[in-house]
There are 2 protein chains.
Amino acid sequence: MQIDIAKPILDKNERTAEANRQNFAEHGVYVVDLLASPGSGKTSTILATIEGLRDRYRIAVIEGDIASSVDSQKIKEHGIPAVQVNTGGACHLESEMIRRAVDVLDLDELDLIIIENVGNLVCPTDFYLGEDCKVMILSVPEGDDKPLKYPGVFQVASAVILNKIDTMSVFDFNENVFRNEVTQLNPKAPVFPIAATKGQGVAAWTAWLAAQIEAARASAKE
Amino acid sequence: MQIDIAKPILDKNERTAEANRQNFAEHGVYVVDLLASPGSGKTSTILATIEGLRDRYRIAVIEGDIASSVDSQKIKEHGIPAVQVNTGGACHLESEMIRRAVDVLDLDELDLIIIENVGNLVCPTDFYLGEDCKVMILSVPEGDDKPLKYPGVFQVASAVILNKIDTMSVFDFNENVFRNEVTQLNPKAPVFPIAATKGQGVAAWTAWLAAQIEAARASAKE
């Protein structure tokens, strides 16, 4: 007899994720789960997103890391509430970790939570946390051939951010090749080329995110 | 009662890994398990390593990927035997996958096998495949703060390759910060700064690897 150990773990995760989703919906909080490799610029992208949307929305960040609290400190320095979740070795966040992190936050005082998942293009893909959407970042130095090598994450993403476009001349990155591979896997996902640390291209991404938040609010009122 | 599901999986992996190790030792084949994030330059580093050592050793490559065979094709174009292992979604190679891949190779005709693990700084860390050593790559664009955020992989590595050093001026990467963090986690591991696609710094790395191979041969003869 073979036991599929993945299934019960995913089922338990799914139940808590659904409870998280209801909790977020009752408080009118929109939640983004941000996926990417280590060093692709998740924290810089979050900081740029905060700058773009902080006048309009009340934002908090949940920082997922194997170890350390470097990232949540960076966020707090910008006056934004941040909760650090250390997975203690685990390669992805699970919904129970989010449930506990959310306990620390006052949802009535928030409009948007950005979850920075563990730096990993593979494992977080399968874990629903109760978020409204997953968004992924690929950075130019990682190469234009990554969509076909890591298809799962490109398929679950509602939007794809291409970061560090200011370094395109340094790397042999073909944006058309990249966009074609993304479209092949996920025809609907918009691609946002940005340079997070320079603010370049960020406005289009934050406008898209704001539109998602407004659409969720409108559909909640119906 | 709580069942630790990780343990039996790791135990089973360990047994097959030990059989792999014996198989490699009997044939006098040295095996490196190469770990890194997606896009940090694993395949380029392997190609540079092949160029540096192909006159001295007979080399084969086992390419681990979630999907696609892009990497093994690149290796074969250089006249080196390469076996593609697609994990079908799994975030790391396991020893059973290596056992099957090795079946395809003629170990009597080989001195060195380089295993390119799945692009992931987390999961492959815990899985012994029967290799002589694990080596990891971090690339400059990923940032100098990664050792403390992904400590496990820096701790299991016998050597750390710092790739894409030709882009250091583009990124805010402090090599001293990086080296200090590595030393803190793993005082013995040498750090090899290289630019794989340009051949820069590769000689020091291949000299180290050749020394490991020769040391293993000398100890096998005792």
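Between chain A and chain B there are three salt bridges, a salt bridge being a side-chain nitrogen of Lys or Arg within 4 Å of a carboxyl oxygen of Asp or Glu. Lys74(A) and Asp145(B) meet this way through their side chains, at 4.0 Å from N to O.

Before I go on, the basis. This is a predicted model, where local features need pLDDT of at least 70 and side-chain atom pairs count only at pLDDT 80 or more, while totals for chains, interfaces and linings use all residues. Residues are numbered from 1 along each chain as its sequence is written, chains are lettered from A in the order in which they are written, and side-chain values use heavy atoms, with hydrogens and water left out.

Back to the interface. Chain A brings 33 residues to the contact and chain B brings 33 residues, with contact meaning heavy atoms within 4.5 Å. About 2,300 Å² is buried between them, 66% of it from carbon and sulfur atoms; that is accessible area (1.4 Å probe) lost on putting the two parts together, summed over both. Of the area that chain A buries against chain B, Pro38(A), Lys149(A) and Tyr150(A) supply 24%, more than any other three residues.

Next, the aromatics. Phe154(A), Phe173(A) and Phe178(A) form one aromatic cluster. Rings of Phe, Tyr and Trp (its six-membered ring) pair if their centres lie within 6.5 Å; planes under 30 degrees apart count as stacked, over 60 as edge-to-face and the rest as tilted. Over all chains that gives 11 aromatic pairs. One of them, Phe173(A) with Phe178(A), is tilted, at 5.5 Å centre to centre and 50 degrees between the planes.
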